[in-house]
Each structure stands twice: as structure tokens, then as C-alpha cells.
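New notebook page, new structure. I'll jot down what I look up as I go.

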Amino acid sequence: MKSGFVSLIGRTNAGKSSLLNYLLGEKISMVSHKVNATRRKINGIVMKDENQIIFVDTPGLHDSNKMINKLMIDVAIKSIGDADMVLFLASIHDDLSDYEKFLQIKNLPPHIVLLTKTDEASNEKIAKKLTQYQQFQDKFKAIMPVNIKKNIYKAQILNEICKYLPEHEYYYDPQLLSSTNTKDIYRDFILEAIFDSVSSEIPYSSDVVINKVIENENLISIYADIITDTQSHKKILIGKNGDTVKRIGIKSKKLISAFSKVKIFINIKIIIKKDWNSNENVAKKHFIY
């Protein structure tokens with residue numbers, strides 16, 4: 001019996017959240033084509049034969065002077081130190097500079113390199129990229145391509161991870177899909193709906209607070225606030241005749257219902273909390289848990 005924590009690490013939009021959902025066979029982590037969408041850790045539990053793998057999805061590594069981005073990077077770096085193993089995700093289109101920076105992190109646990117977005121590349125390009133990484137073959141345990149769209153390499157990835165997990169009793173009930181509080185999953189699904197519904201800087205100046213969840217057999221009622229920093233942003237989130245916040249609510253209900261398998265009621269209010277994302281003590285409550 002083996003059990004351990006495996007952190008998903010890589011730059012923004014490397015495909016970490018998509019990989020977690022793919023390996024779980026269930027969507028629990030928010031996905032967006034926009035950068036820095038993932039803000040908090042979220043755990044997904046996969047049973048492979050007799051082994052338990054606890055995947056930890058993390059914010060993307062990137063260079064930024066913004067306080068909230070630094071907090072997110074801290075979350076990712078801390079998850080490396082807490083992990084038994086790391087999956088470093090790199091797009092097939094990227095050079096090796098991000099991986100070289102990753103190798104400079106002190107006390108790295110064993111890691112596997114996964115090349116993502118290989119469905120967008122020819123076999124020749126994939127082979128060339130694999131060759132480029134061979135100069136670091138003494139650093140990683142394995143390097144593997146992953147193709148989520150074609151649903152291949154999943155078993156190979158899980159088998160490779162299990163080779164390096166420590167022998168340990170299960171941390172969680174094998175029937176669990178995630179150890180993350182469901183309120184946090186609901187919150188991120190609402191945030192994903194915000195990213196999908198409004199453009200520009202609005203999603204980055206907004207966050208979600210779940211005030212109350214009432215669970216009945218056939219209905220989950222969620223009462224949430226979307227916080228933002230200015231009156232102008234509040235107006236955009238509400239939209240003409242409330243169209244935007246209605247659209248956010250509809251998308252949120254679809255995402256949460258697909259996850260919970262029951263009917264969803266959502267009550268959303270837009271709240272102004274001035275400078276919430278520039279006050280470190282306030283921002284930490286939203287980005288770190």
C-alpha cells in the first residue's frame with residue numbers, strides 16, 4: 001500500500017487543472033483559457049490499484065510584482081515543499097526556461113515532467129522536445145507526453161507516479177473524490193463562470209465568498225457574494241438589466257450541478273470591498289487556506 005501527495009506545478013495555462021480533472025475522471029477544478037485563473041490549492045484523490053494518489057492543483061508559476069500574484073506563487077511553492085512528489089507540466093510549445101527556473105527551487109522532491117498540449121503538435125515536434133529535455137535526465141524520474149483530448153497516457157502516468165510514492169496507509173477514505181471542502185469547490189466554479197462571462201481586468205479584481213450552503217436530498221441552495229473593488233466593476237458584473245450576473249448564475253449552476261449531481265439554486269450578490277486585493281491581510285483570506 002502506498003499513499004502520497006503529488007503537486008501539479010507549472011506556469012499559468014500549462015494545463016494543470018485540466019490534467020487534474022482528466023486524471024480524476026471528474027471536473028472539480030476550475031478551468032479557464034485566461035492566465036492566473038487558479039488561485040487556491042484544490043485536492044483530488046485517485047485510487048490506482050491499491051495506491052492512493054492525492055493530487056494538489058496549484059496556481060501557476062509566473063513573474064509578477066503584484067501582491068496577490070505573489071501570494072498565489074507562495075501557495076504553489078509551499079505545495080512543493082509539502083509534496084512527496086511533483087508533476088512539472090510544460091506546454092509542448094514552451095522553451096525550457098521555466099523548467100530551468102523550477103530546478104533552482106531548493107529541496108525539490110522527486111518529479112516527473114509532463115509535456116502538455118501535445119494534440120497541437122506533430123510527432124516530430126514532440127520527439128524534438130523530448131530530446132531537448134534529455135540534458136536534464138539526471139534531474140527527473142521520467143518525462144512523458146500527455147494528450148487529454150485523445151485520452152491516452154493516463155494509465156502510464158498513474159503507474160509511473162506509483163513507483164515513487166512512499167509506503168503509507170491511506171490519508172483519506174478511498175471513496176472520496178476530494179479532500180477539499182465542497183464550499184471551496186463551489187466558490188471556484190462561480191469564479192470560473194465570472195472568468196467566462198466578463199473580460200479585461202474584472203475577474204482579477206473580483207473573488208467569491210460563499211456565505212451559506214443548504215443541502216437537501218434533491219436541492220443544494222448556495223448563497224454567495226461576488227466581491228469587487230469599485231462601483232464601475234460592480235456595474236459591469238451586474239450588467240444591463242442584470243444580464244451579466246444572471247449569466248454568471250446560470251453558468252455556475254451548470255458547473256456545480258454537474259459536480260454534485262443534484263439541482264442547484266444560487267443567490268448571488270455583488271459587493272464592493274475597496275482595495276481588498278491590495279491589502280495583504282484581507283487578500284490572504286481569499287487566496288490562502
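Which strands does helix α6 lie across? I found that α6 (residues 182–197) lies across β7, β8 and β9, running at about 135 degrees to β7. Before going on, I noted that this is a predicted model, where local features need pLDDT of at least 70, side-chain atom pairs count only at pLDDT 80 or more, and totals for chains, interfaces and linings use all residues. Residues are numbered from 1 along each chain as its sequence is written, and side-chain values use heavy atoms, with hydrogens and water left out.

**Entry: terms.** Helices (H or I, at least four residues) and strands (E, at least two) are DSSP runs, numbered from the N terminus. Angles run from 0 to 180 degrees between N-to-C directions, with axes fitted to C-alpha atoms, for helices over the stretch in contact. Contact means heavy atoms within 4.5 Å.

**Entry: the sheet.** I looked up the strand order next, and β7-β8-β9 make an open sheet of 3 strands with mixed pairing (two strands pair if DSSP finds at least two bridges between them). At the edges sit β7 (206–215) and β9 (263–272), each pairing on one side only. Neighbouring strands here are turned by 20 degrees against each other on average, direction ignored. I then checked β8 (residues 219–228), which pairs with β9 in the parallel sense over 10 bridges. Ile220 has Ile264 in β9 as its bridge partner. Helix α8 (residues 243–260) also packs on the sheet, where it touches β8 and β9, and its direction makes about 140 degrees with that of β9.

**Entry: helix α4.** Which residues of α4 are buried? In this helix (residues 123–133), I listed Ile126, Lys129 and Tyr133 as buried (under 20% relative accessible area; exposed is over 50%, partly exposed in between, with a 1.4 Å probe and protein chains only). They are on the same side of α4 because they cover an arc of only 65 degrees around the axis, taken from the directions from the helix axis to the C-beta atoms. Their cover includes β4 (85–91), α3 (97–102), β5 (111–116) and β6 (142–145). On the face turned away from the buried side, I noted Asn123, Glu124, Lys128 and Thr131 as exposed.

**Entry: positive phi.** Asn13 is not a glycine, yet its phi is positive, near 65 degrees. I placed Asn13 in the loop between β1 (3–10) and α1 (16–24), and it is partly exposed at 26% relative accessible area. Lys117, also not a glycine, has a positive phi of about 60 degrees. Lys117 is in the loop between β5 and α4, and it counts as partly exposed at 28% relative accessibility.
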